[in-house]
Amino acid sequence: MQNNSLANATVGAFTTQTLAAIVASFSALSAGVFTPGNIFFLDPKNGSDTTGNGTVNAPMGTLKAAFALAVAGNNDIIALVGDGATDATARVSAAFNWNKAATHLIGMCPPTLYSQRARIGAKTTDAAFTPFFTLSAAGCMFQNVEIYAGFTTGMAAALAVVISSAHNTFRNCHLVGMSDAASAADAGSRSLKFAAGGEENYFIDCVIGDDTTARGAVANASIEFAGGVARNVFRGCRVPIFTSAANPLGVLGTGANCVDRDNTFEDCTFINQIKSSSVQMTVMGSFTSATPGGMILFKNCSFIGMTKLGDTNFLANSFLDMSAPSGSAGGLMVAPS
């Protein structure tokens, strides 16, 4: 069933003309060669899995039901309708696996950089689970969406987003992990983890992590590379951090051969909020092995609230196209004198 025709209607606070414009802008991102399949509407506040069929006049009520309508490889789009608050959060109560190739998610809300109100989150009454959201399919695009792995009481080794597939794009998305005390206090917690197969993904103007809950005296990480992943690119992204000790990390590579070729950060900012009582971090990045199998590239990046860019292994396997990473020469941003 094709839903591409947008008749005169409203979905939540959006007119069909607004929805059509956003869908059109999504298509334009692929320079005119992207042809959408079906467009299924998800309105967590006003939609219904019982009476809905995914059309603009009868949207679905849950992410599970909307995703079930999509066909892998068909370039179907799920339009997630926000309401300007958290009432329209698409709540999930178990680990969610986005496992249909070429299936895309667009948030229908203002394109704020932080905390988009088209969002996926947990039910506050549910026990914590991990990983929260796994992307195991290739060729998918996520735009203008927050994935918020927040629980009333968290757990050890809490993983917000795990990517084990290739050729996906995240544009203007906020990926949030470690947003409760229990998760933020565990060394195994991450906001974003690349597992084996998580290669050649592209992040544009995204935020990874948050600076609300203090991360304690453990070396957890905002971003982890594992499984020999290659050619992931971050452009114009921000990594906010808040700590109660010096141990947490921005970037971590775990084990020998955790990366391959390069993973690149361009025009990105790693921000430890030291002017809001966060503790200065010892290093931003760490490789647990001297032989990670590849390298990390930094171009025109900024680092705030870290004593050094990385530990010995990290520095030996990083390359910079920017000022030398020291507090006096640049790279590590300092207050003016």
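The following dialogue goes through some terms used for this predicted model.

Student: Why is His 104 called buried?

Tutor: His 104 has 3% relative accessibility. Buried means under 20%, so His 104 counts as buried. His 104 lies in strand S7, residues 103-108.

Student: What makes the pair His 104 and Asn 75 a polar contact?

Tutor: The side chains of His 104 and Asn 75 are joined at 2.7 Å. The cut-off for such a pair of N or O atoms is within 3.5 Å, so the distance of 2.7 Å meets the cut-off.

Student: Which strands form the open sheet, and in what order?

Tutor: Eight strands form it, in the order S6-S9-S12-S15-S18-S22-S25-S28, with parallel pairing.

Student: Why are S6 and S28 called edge strands?

Tutor: Strand S6 (96-98) and strand S28 (306-310) each pair on one side only. Neighbouring strands of this sheet are turned by 15° against each other on average, direction ignored.

Student: How do you know that S25 and S28 pair?

Tutor: Three bridges join strand S25, residues 281-287, to S28. Pairing needs at least two bridges, so S25 and S28 pair. The two strands run parallel. As an example of a bridge partner, Met 281 has Met 306 in S28.

Student: What is known about the largest nonpolar core?

Tutor: The largest nonpolar core has 63 residues, and Trp 98, Phe 234 and Phe 265 have the most contacts inside it. Helix H2 (residues 63-69) gives the most to this core, with four residues. A second, separate core has eight residues, among them Ile 39, Val 56, Ile 77 and Ala 79.

Student: Which residues does Phe 265 touch?

Tutor: Leaving out residues up to four places away in sequence, the residues touched by Phe 265 include Ile 223, Phe 225, Phe 234, Val 251 and Cys 301.

Student: Why is Cys 301 in no disulfide?

Tutor: The nearest cysteine sulfur, that of Cys 268, is 4.8 Å away. A disulfide needs the two sulfur atoms within 2.5 Å, so Cys 301 is in no disulfide. By this rule the model has zero disulfides.

Student: Is Cys 301 buried or exposed?

Tutor: Cys 301 is at 5% relative accessibility. The limit for buried is under 20%, so Cys 301 counts as buried.

Student: What makes Cys 258 buried?

Tutor: Cys 258 has a relative accessible area of 1%. This value falls under the 20% limit, so Cys 258 is buried.

Conventions
Residues are numbered from 1 along each chain as its sequence is written. This is a predicted model: local features need pLDDT of at least 70, side-chain atom pairs count only at pLDDT 80 or more; totals for chains, interfaces and linings use all residues. Side-chain values use heavy atoms; hydrogens and water are left out. Buried means under 20% relative accessible area, exposed over 50%, partly exposed in between (1.4 Å probe, protein chains only). A polar contact is a pair of N or O atoms within 3.5 Å; within protein, one must be able to donate a hydrogen and the other to accept it, and residues adjacent in sequence count only if both atoms are side-chain atoms. Axes are lines fitted to C-alpha atoms, for helices over the stretch in contact, and angles run from 0 to 180 degrees between N-to-C directions. A nonpolar core is a set of buried Ala, Val, Leu, Ile, Met, Phe, Trp, Tyr and Cys residues joined through side-chain atoms within 4.5 Å. Contact means heavy atoms within 4.5 Å.
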